[in-house]
Amino acid sequence: MLSLQNVTKHYQTRRGTVRAVEGVSFDVRPKSTLALVGESGCGKTTIAKMILQLERPTAGAIAFEGADTATMNAAQLKAYRRQVMAVFQDPYASLNPRLRVGTIIAEPLLAHENPGRAATEKRVAEVLDIVGLPATAARLYPHEFSGGQRQRIAIARALALRPRLMVLDEPVSALDVSIRAQVLNLLADIQLEFGLTYLIIAHDLALVEHFSNDVAVIYLGRVAEAGPTEQVFAQPRHPYTQALLAAVPQPDPDHVLNEAAAAGEIASALDPPSGCRFHPRCPLAIDICRTTTPEPRGTPHQAACHLVEA
């Protein structure tokens, strides 16, 4: 459904060029969930913004069902935008506090269809029911709801136009642990009922393992490893993926963290390392890692590492 090919995004600043995303490629299969994982600042949200047309790629192509979004005309872009919706991380910041819930959910409808007052109210009531909220919620303001309920409202807004792809940017990270599972189960039920495709950004690897079909591990703007979630978690091939999984807390007081694999800090996107961008932190790095950028190897489980066999 969605394909990124060598997508690059650079920002010009007073200090120089920020290489936020560099040559990222991956595919999102219809009616499945692909997760983007990696440390803060690795480029995950920038990728999401480019998919949502909030940022334009510096280079590369983003295709939706084979059509390059960069060459779409106004009508095609409008059709694309109504099929791709987002749910943001912070339900306290993503809902306008001055608007009633019904107005918030109706905004996409008014922007794309303007079906009339009666049809709009009916659709608002329908999506509120889908996310488990009463129709009377439409008359209230966001501050009258809990964090979990606000995120349900954000999901309802995203569902108003019956999209086909939803970009979920850390959809439960701002919520209490006790209600994260409820929201994730809701998203899973909605996906199954309406045949939605998800692109989810997450830090929680346990969530990713449970919720996604495919995963792409991003390090400093590049894809380090990608493939079916089950394979990537069972047999991580890239040292960075191995380090991420080694750092996951274990419910075992005798568990020893592999500090060698997780040593060091992520480099700056203003001055990324040559060759493999992970080599300054990699305990397995060899000479070629410092000079030559590795190409993805393997299929469907890929790893961009010189030490991995094709």
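Predicted model: local features only at pLDDT ≥ 70, side-chain atom pairs only at ≥ 80, totals over all residues.

Helices (H or I, at least four residues) and strands (E, at least two) are DSSP runs, numbered from the N terminus. Residues are numbered from 1 along each chain as its sequence is written, and side-chain values use heavy atoms, with hydrogens and water left out.

**Alanine 154**
- Alanine 154 is buried, with a relative accessible area of 1% (buried means under 20% relative accessible area, exposed over 50%, partly exposed in between, with a 1.4 Å probe and protein chains only).
- Not counting residues up to four places away in sequence, alanine 154 touches Val87 and Leu95 (contact means heavy atoms within 4.5 Å).
- From alanine 154 to methionine 50 there are 104 residues in sequence and 20 Å in space, C-alpha to C-alpha.

**Helix 5 beside helix 6**
- Helix 5 (residues 147-159) packs with helix 6 (residues 177-194) at an angle of about 15°, and their axes are 10 Å apart (axes are lines fitted to C-alpha atoms, for helices over the stretch in contact, and angles run from 0 to 180 degrees between N-to-C directions).
- That makes helix 5 roughly parallel to helix 6 (angles under 35 degrees count as roughly parallel, over 145 as roughly antiparallel, 65 to 115 as roughly perpendicular and the rest as oblique).
- On the helix 5 side, Gly148, Gln151, Arg152, Ile155 and Leu159 meet Ile179, Gln182, Val183, Leu186, Leu187 and Ile190 of helix 6.

**The nonpolar cores**
- A nonpolar core is a set of buried Ala, Val, Leu, Ile, Met, Phe, Trp, Tyr and Cys residues joined through side-chain atoms within 4.5 Å.
- The largest nonpolar core has 55 residues, of which Ile105 and Ile155 touch the most other members.
- Helix 5 gives the largest share of this core, six residues.
- A second, separate core of 32 residues includes Ala20, Leu36, Ala48 and Val84.

**Helix 1**
- Helix 1 (residues 44-51) is largely enclosed by the rest of the structure, because six of its eight residues are buried.
- The buried residues in helix 1 are Lys44, Thr46, Ile47, Ala48, Met50 and Ile51.
- Glutamine 53, which follows helix 1, has a positive phi, near 65°.
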